[in-house]
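Welcome! Here is a short briefing on a sheet and the helices beside it.

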Amino acid sequence: MGSISPEEAKLRFKTPWIETPLVESASLSRAAGCRIFLKLENVQPSGSFKSRAMGNQILSHLVKPENVGRPVHFYASSGGNAGLAAVCAARSLGYPCTVVVPLSTKPLMVNKLRAAGASDIIQHGETFSEAGEYMREVIMKGGDSDAKMDVVKIALHPFDNEPIWEGNSTIVDELATQLPPVSTREEAIAYNGRALPLDAVICSVGGGGLLNGLVMGLERRRQIQKQSSHYSSSSTTTTTTVFQQDPVHLLAIETDGTDSLALAIAQKSLVSLPKITSQATSLGAIRVSERTFKYAISPPPGIAVHSAVLSDADAARGVLRLADDERLLVELACGVCVEAAIGDAAKARGAASTPALSASEQPSVAGKKRKRTQTEYCHRDEGYGDDRLSSGENEAVSDETGNRPPAQANQSSASPGEFQSKLKQLVPNLQADSRVVIIVCGGSNVTIDMAGEWRKMLQEGWGR
């Protein structure tokens, strides 16, 4: 209810997000062995794809007849990218947005929320769940002056509703015009019948709002293509044979410790993680949306969804690769997609060029547990908010690398000397001219100092 299409919203309100560039990366293409395109969502007004998600959610409320002509005040309980996007979108449309976050929210994000124009930033509770409950039950129900002014108070969800997914689906609409046109007979045959002239899309998954939007967008494009083909075939006497083509592959990437989608798929049930243990907490929803689970186990025709889990160290490698090769700085939860495309091949080259550590320098992994250092704790990404459990974040991890044993099961089973990325494992028929888009989802809770710390940790053996 209350959902509108992005096209309808544009007729009445300014769109609080921008069309982002699609660029082909020569360095990533060489490393991946296929054509890698980067969809640069990191340049959105809020620094992440959440500008589409929260922006369209806000628009869906503003166009409701009962809200027209009345003052509206938005509320968000995410101190991460969703909260920042909510503030940016609301302010760009001329509406106030209050953010309620737990006491543990880092000064970096509080300052960014304030600089973006949050009407108020309230810190309460130990977890985002507590902050969200306080927002709904105390903050939003208080204020006699608001009642007298007939202010409409609206709580925003970070990932789980139709307008959010529709906002994210606009990425696919842009890809339809930005991808290189089919120029050869071979390409025409390969991409005949597909939603887009594209082999695969790689995206991060937290609660599933981005994945849902991509599936919806691809399905919408497939229907357009189907209708176009039907019109063309009905307007000519020539019989056209339509071949059953390979689907567009969607790689849903998580980090070990935020892998709620992978867990749900493995157990064939919409279950929840007990808590978030990864440093990449922008992927920090303990349970994905029901729609995400359904898409993963039974996607629409023409789409194949694959789940993959990588380590925090892999995510850091991806962040540094983007920083070094593309001059882009993103959060761990975004960098993990790059490593999914490059994978073990990159590690193999790195191992060949990096001197081995001496016995005294090797990190101890003999079943020891340790608590994260203060530096590591401070460099965690902020998560989706409402679904993240902040309690226990500083608890012990299973070994000195910070990786849990289950993540090892996701490593390539190739024999020594053979290296494969998750992309090549899951989509094995990719060729040099195959097209793969990585959604560079961005993220604002990252600094150069954080990237430098991750580089140092990797040099010291993190993830080996």
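What follows covers the sheet, then the helices.

This is a predicted model, in which local features need pLDDT of at least 70, side-chain atom pairs count only at pLDDT 80 or more, and totals for chains, interfaces and linings use all residues. Residues are numbered from 1 along each chain as its sequence is written, and side-chain values use heavy atoms, leaving out hydrogens and water.

**The sheet**
- An open sheet of 6 strands runs in the order β1-β2-β10-β7-β8-β9, with mixed pairing; strands (E, at least two residues) and helices (H or I, at least four) are DSSP runs numbered from the N terminus, and two strands pair if DSSP finds at least two bridges between them.
- At the edges are β1 (22–25) and β9 (303–310), each pairing on one side only.
- From one strand to the next, the twist averages 25 degrees.
- β1 pairs with β2 (residues 35–40) in the antiparallel sense over 4 bridges, and Ser25 stands opposite Ile36 in β2.

**The helices**
- Helix α8 (residues 162–178) lies across β1, β2 and β10 (435–440), at about 130 degrees to β2; contact means heavy atoms within 4.5 Å.
- The axes of helix α3 (residues 50–62) and α8 come within 7 Å and cross at roughly 125 degrees; axes are lines fitted to C-alpha atoms, for helices over the stretch in contact, and angles run from 0 to 180 degrees between N-to-C directions.
- Residues of α3 that meet α8 include Arg52 and Asn56, while Pro163 and Glu174 are among those on the α8 side.
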